[in-house]
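Work through the exercises below with the sequence and the 3D structure at hand. Try each task before reading its solution.

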Amino acid sequence: MRQIIAIYPGSFDPVTNGHLDLIRRGCQLFDQLIVAIARNPEKESSFFTLDERMAMLQAMTAELENVMVDAFEGLLMNYCIEKRANAVLRGIRAVSDYEFELQMALMNRKIEPSVETVFMMPGEKYSYLSSRIVREIALLGGPLTGLVPEFVEKQLRRKVAERRAAADAIPTK
Ligand code: PNS
């Protein structure tokens, strides 16, 4: 029988409850779901290192049997071919996501027509949630309850404290 292997690519900097909602929905639909963290050269200044992002995603998806976490570099379509994936999963939260997602899906289809992009909506309570907004709230010391799992919240607080300590250590003239 044909197995449907889907790749869920993203920066996951950090993983949010919205991402996890989509992963749980996706793993019910596909035989195998590979959550793939992009080493995106445009985002070299990521908040968390690749290893940290990987550890958070692995911990948060450990109980999902058909989900694995990986990282990739370069073109997503090359990675899909390498993994023999037939689908890419992307989340759409609001109409504002659609334009960029459509462009990416159609470009990916042009590069590799055998891979289909599947869009899913996370639960509506996550429709305003993004990794960027979570990082901003963490940097400003705001509440993160309900936005990320407790484990990720702890990692955010630790990272912010580390950054503060590093900034304080820089001597001022
Ligand atoms: O979480 P993000 O930042 O929205 O994820 C974007 C991502 C990583 C899925 C996208 O930038 C990507 O696929 N990068 C890999 C490089 C690539 O294949 N680019 C061409 C896409 S049309």
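**The cavity lining**

The largest cavity is lined by P9, L76, V88, R90, E101, M104, A105, N108 and T117. A cavity here is a set of points on a 1 Å grid over the protein atoms alone where a 1.4 Å probe fits but cannot get out, and lining residues have an atom within 4 Å of a point. The model is predicted: local features need pLDDT of at least 70 and side-chain atom pairs count only at pLDDT 80 or more, while totals for chains, interfaces and linings use all residues. Residues are numbered from 1 along each chain as its sequence is written, and side-chain values use heavy atoms, with hydrogens and water left out.

**Exercise 1.** State how many cavities of 30 Å³ or more the structure holds, and how much space lies in the largest cavity.

*Solution.* Step one is the count: there is 1 cavity of 30 Å³ or more. Step two is the volume, the space filled by probe spheres set on the points, with grid points joined across faces, edges and corners. For the largest cavity this gives about 40 Å³.

**Exercise 2.** Sort the lining of the largest cavity by element and by class.

*Solution.* Begin with the elements, which are DSSP runs numbered from the N terminus (helices: H or I, at least four residues; strands: E, at least two). Both β4 (87-91) and α4 (95-111) supply at least two lining residues each. The largest share, 4 residues, comes from α4. Then take the classes: Ala, Val, Leu, Ile, Met, Phe, Trp, Tyr, Cys and Pro count as nonpolar, Asp, Glu, Lys and Arg as charged, and the others, Gly among them, as polar. The lining has 5 nonpolar, 2 polar and 2 charged residues.

**Exercise 3.** Is T117 buried or exposed, and which residues does T117 touch?

*Solution.* First locate the residue: T117 sits in strand β5 (residues 116-120). Next apply the cut-offs: buried means under 20% relative accessible area, exposed over 50%, partly exposed in between (1.4 Å probe, protein chains only). The relative accessible area of T117 is 18%, so T117 is buried. Last, list the contacts (heavy atoms within 4.5 Å). Leaving out residues up to four places away in sequence, T117 touches V88, R90 and A105.

**Exercise 4.** Describe the protein as a whole, from its elements to its burial.

*Solution.* Count the elements: 6 helices and 5 strands. Read from the N terminus, their order is β-α-β-α-β-α-β-α-β-α-α. Finally, 47% of the 173 residues count as buried.

Note on methods:
On a 1 Å grid over the protein atoms alone, a cavity is a set of points where a 1.4 Å probe fits but cannot get out, and a pocket is an open set with protein on both sides within 12 Å along at least five of seven lines; lining residues have an atom within 4 Å of a point.
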